[in-house]
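Here is a short briefing on a model with two chains.

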Protein chains: 2
Amino acid sequence: MSQAAERAVVLLSGGLDSATVLALAVSEGYACHTLSVDYGQRHRIELRAAEQVARAHGVVEHRVIRVDLGAIGGSALTDLSIAVPERAVAGIPSTYVPARNTLLLTLGLGWSEVLEAKALFIGANAVDYSGYPDCRPEFVAAFGQLASLATRAGIEGRAPEIRAPLMAMGKAEIIRTGLALGVDYAQTISCYQPDVAGRRCGRCDSCRLRQQGFSDAGLEDPAQEPPPFTIAASGR
Amino acid sequence: MSQAAERAVVLLSGGLDSATVLALAVSEGYACHTLSVDYGQRHRIELRAAEQVARAHGVVEHRVIRVDLGAIGGSALTDLSIAVPERAVAGIPSTYVPARNTLLLTLGLGWSEVLEAKALFIGANAVDYSGYPDCRPEFVAAFGQLASLATRAGIEGRAPEIRAPLMAMGKAEIIRTGLALGVDYAQTISCYQPDVAGRRCGRCDSCRLRQQGFSDAGLEDPAQEPPPFTIAASGR
């Protein structure tokens, strides 16, 4: 990566979508700085996955910010007393984390400002998704508007562009795009409730969307059981 | 407070402005839930002040969320290697924390959603202020727009109203308003760089704005030296 490359902050969860987004940002020539947020999610093994994905794509720097969203609760992902649904539900499922993507983008925006980054990437997707309100294009557009007003960079006319390149893609298309860019999906984990060894449940929304995506793409999911990383380094 | 009172989330920093906002929210009859964010600020003694102010105003519940903004740096308030300016500067001073108010509002928005709160209060003020971009009315309006798109509550037409009742008030007016509502400003701390005993520096922007406010109001600042709280419970 040449020193003159523009910087981008890429939100990286350790899942399939954000790994693809990182590959896209790298393919555009950005010097990528990846950010994971440890918000007390059940599936913290994904933080290990994110680290590994970041390394594989040669990012400039990978950082983790810890935010204790368990303090406000309200989601099956941050409150162990709320069950993860194991079949499709009507409406927004209990795995919805209040204001999660706003939080991720906000932390990314703050870091973008420090880095003077040109773009801030998020893996939001409104096709094969769980119906979360903060995955929709109108949400991302409103955040872009906010970013231009909220920061010093915005006032100076250089707020980062908020990029959600997967927004209109189906899961199979995302997978094909990532494979063409060299993403190793064996390094990613999508399950909302993996066991301590990192084995996916195969039943949650996120597992089902991933399985359907590989199946629609006519491909086999390369995920290993157990995965090539353990929960030890980031476990509770 | 009757059980039927509508809920509000009030962002509480421990400073003069947010104490006044809390008093205003209580005076409107809201059942108030206060939120402080420990974002690694220098002046963490303000977290103790916030707790005391919350108690004095009989809030339903006071919570603290920890977010390590030091991980991204970029501000004199979160990075000890950057000096706090001790006189007025041109432009936005180094005490500006990238995306800070966006972060505070986002955490408040998430909690509002869990509580089904009707309103989310912030002490942002664009009159006697430090020129931070995220204290301006257009920022608060853009956040309200985002809130209506970002959350389940928003989709269901019951996003909390984002309230910044001090926005157009001068500091003297804020002080008079708070005093009329029984705020004890001795419980608040405004300094960006108090010493470990909580003694204010008297030179930072925040100290100067406070002094000017009391002086314009023809009043004496009741702040005690040292203040009636210590850094022990929330110190680094």
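Two strands pair if DSSP finds at least two bridges between them. Helices (H or I, at least four residues) and strands (E, at least two) are DSSP runs, numbered from the N terminus. This is a predicted model, in which local features need pLDDT of at least 70, side-chain atom pairs count only at pLDDT 80 or more, and totals for chains, interfaces and linings use all residues. Residues are numbered from 1 along each chain as its sequence is written, while chains are lettered from A and ligands numbered from 1 in the order in which they are written.

**Sheet of chain A**
- The open sheet has five strands in the order β3-β2-β1-β4-β5 (chain A), with parallel pairing.
- Its edges are β3 (61–66) and β5 (161–163) of chain A; each has a single partner strand, so one side of each lacks a neighbour in the sheet.
- Direction ignored, neighbouring strands are turned by 25° against each other on average (axes are lines fitted to C-alpha atoms, for helices over the stretch in contact, and angles run from 0 to 180 degrees between N-to-C directions).
- Six bridges link β2(A) and β3(A) in parallel, and S36(A) stands opposite V64(A) in β3(A).

**Strand β1 and its partners**
- Strand β1 (residues 7–11) of chain A is largely enclosed by the rest of the structure, because four of its five residues are buried (20 or more other C-beta atoms within 10 Å of a residue's own, with C-beta atoms placed from the backbone).
- Five bridges join β1(A) to the parallel strand β2 (residues 31–38) of chain A, where R7(A) stands opposite A31(A).
- On β4 (residues 119–121) of chain A, which pairs with β1(A) in the parallel sense over three bridges, A119(A) is the bridge partner of A8(A).

**Helices on the sheet**
- Helix α2 (residues 45–56) of chain A lies across β2 and β3 of chain A, at about 175° to β2(A).
- Helix α3 (residues 100–115) of chain A touches β1, β2, β3, β4 and β5 of chain A, and its direction makes about 140° with that of β2(A).

**Contact between the chains**
- Chain B and chain A each give 36 residues to the contact (two residues are in contact if their C-beta atoms, placed from the backbone, lie within 7 Å).
- Elements of chain B that each supply at least two residues to its side are β3 (61–66), α3 (100–115), α4 (137–150) and α5 (152–155).
- A rotation of 180° with 0.0 Å of shift along its axis superposes chain B on chain A (RMSD 0.0 Å), by least squares on the C-alpha atoms of residues with pLDDT of at least 70 in both.
- That is the relation of a two-fold axis.
- The same surface serves both copies, as 100% of the contact residues of chain B recur in chain A.

Terms used: A residue is buried if 20 or more other C-beta atoms lie within 10 Å of its own, exposed if 12 or fewer, and partly exposed in between; C-beta atoms are placed from the backbone.
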